[in-house]
Amino acid sequence: MSTGECSVILGVGSFVPSKVVDNAELSKKVDTSDEWIQSRTGIQQRHFADDQESTSDLALGAARNAISNAGISTDLIDLVVVATITPDMAFPSTACQLQHKLGLGKVASFDLEAACSGFLYALDVADAMLASGRYRHALVVGAEKMSSIMDWKDRTTCVLFGDGAGAVVLGRKGKGPQLLGFQSGADGANPTLLYQPAGGSKAPASKNSIENREHFLRMNGREIFKSAVRVMEMASRQLLAAHDIDPAEVDHVIPHQANVRIVESLANRLELPIDKFFCNLERHGNTSAASIPLALDEATRLGILKPGQLGLMVAFGAGLTWSATLVRF
Ligand code: COA
């Protein structure tokens with residue numbers, strides 16, 4: 001919902017690792033095909049980080065671009081929030097690694113975990129912290145090295161994901177897209193629809209957990225598909241209704257980039273033409289918390305988002321979590 005005047009996006013940036021793996025190359029090591037992946041998901045290729053690149057390195061590239069595009073001195077940033085499910089380490093946070101790598105001051109820095117909804121959750125949280133008056137400029141990042149938790153023996157999941165990062169600099173005043181409101185929610189009733197079984201306190205790392213490949217992502221794809229469409233429509237409609245905006249008034253939707261068929265179903269349910277939806281998942285796959293800022297940055301650089309137009313960003317993810325954000329470009 002709206003909390004009165006929200007923050008402004010002063011700059012946006014993204015970063016993807018240089019290694020690109022297309023479906024044909026993937027088919028050499030996984031029992032799959034370009035035809036299957038494209039027809040079921042719309043994905044053609046994805047970027048993968050190398051062994052030396054961790055999530056904070058991807059976040060660093062995106063953050064540098066966002067700060068440069070914001071045109072502000074790093075001295076002014078006093079809050080760092082990183083949304084990720086693939087942190088460099090369980091702790092300390094990837095945000096702390098990023099703060100140090102960027103050479104920021106000793107400013108508040110923490111990770112936020114809401115899976116693929118993480119970036120929009122982080123915007124919601126950072127906006128509220130800025131609104132409190134205790135922080136002036138926030139660096140909000142979605143960054144993932146999904147390849148670090150993908151099971152190459154599970155063809156139903158390993159073809160779907162990619163690595164990357166996107167970031168924004170938020171401020172209370174200034175030139176740039178104006179955030180208008182947020183709608184975040186969660187339903188923790190079915191955690192095993194999409195999860196990483198081992199490595200946490202419930203099932204710490206053990207010889208068995210590794211043998212059973214429990215440190216990799218697992219997913220019930222069909223159920224997630226159905227839930228994704230339902231909760232993204234719900235969050236979008238609730239947020240638009242709270243602002244007395246008809247869905248038809250939205251100029252651009254930047255959805256979480258998981259599957260083009262999910263995006264098409266959402267467009268149908270919202271009764272919006274598909275050309276209002278910005279998609280780049282064919283080149284990146286599902287980059288989880290990085291997907292929306294990666295898409296936002298690409299759409300910005302392409303000049304698609306005209307000043308004065310209305311944008312809706314909407315995501316779903318493990319949890320289940322969902323989140324929607326309205327923005328006036
Ligand atoms: N290559 C070739 N065949 C594959 C395959 C692959 N990579 N993965 C699965 N298959 C096979 C299955 O074994 C199955 O074969 P069968 O009919 O002989 O048993 C068949 O394809 C259909 O599998 P199914 O799981 O029913 O496919 P689907 O149409 O539901 O598509 C997903 C699977 C994962 C693409 C789809 O369910 C999806 O996108 N779900 C949402 C996932 C998502 O967005 N996750 C991220 C959340 S943030």
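Predicted model: local features only at pLDDT ≥ 70, side-chain atom pairs only at ≥ 80, totals over all residues.
A helix here is a DSSP run of at least four residues, and helices are numbered from the N terminus.

Let me start with helix H11, residues 291-301. Arg301 and Asp297 both sit in it, four residues apart, which is about one turn of the helix. Their side chains meet in a salt bridge, 3.1 Å from N to O.

Next, helix H8, residues 221-242. Arg237 forms a salt bridge with Glu233, and their closest N and O atoms are 2.9 Å apart. These residues are also four apart in their helix, so about one helical turn separates Arg237 and Glu233. Arg237 is partly exposed, with a relative accessible area of 31%. Glu233 has 15% relative accessibility and counts as buried, because the cut-off for buried is under 20%.

Asp57 forms a salt bridge with Lys101, with the closest N and O atoms 2.8 Å apart. Asp57 lies in helix H3, residues 55-70, and Lys101 in helix H4, residues 94-102, so the pair ties together parts that are 44 residues apart in sequence. Both ends are partly exposed: Asp57 has a relative accessible area of 25%, and Lys101 has 31%. In total, the structure holds twelve salt bridges.

On to the ligand. Which residues come nearest to it? Of the 23 residues around the ligand, they are Thr32, Arg40, Arg155, Arg222 and Asn259. In the side chain of Thr32, an N or O atom is 2.7 Å from a nitrogen atom of the ligand. Arg222 has a polar side-chain atom 2.6 Å from a ligand oxygen, and for Arg261 the distance to a ligand oxygen is 3.5 Å. Taken alone, the ligand exposes 970 Å², and the protein buries 75% of that.

Where does the shell come from? Helices H2, H6, H8 and H9 are the elements that each give two or more residues. H8 supplies the largest share, four residues. Domain 1, residues 7-175, and domain 2, residues 180-328, each contribute at least three. By class, the shell has eleven nonpolar, seven polar and five charged residues.

Technical notes. Residues numbered from 1 in each chain as written. Heavy atoms only, no water. Salt bridge = Lys/Arg side-chain N within 4 Å of Asp/Glu carboxyl O. Buried < 20%, exposed > 50% of the residue type's maximum accessible area, 1.4 Å probe, protein only. Near = heavy atom within 4 Å. Polar contact = N/O pair within 3.5 Å; in protein donor to acceptor, adjacent residues only side chain to side chain. Areas by Shrake-Rupley, 256 points an atom, 1.4 Å probe, with all protein chains shown as cover. Nonpolar A, V, L, I, M, F, W, Y, C, P; charged D, E, K, R; others polar. Domains from an automatic or database assignment.
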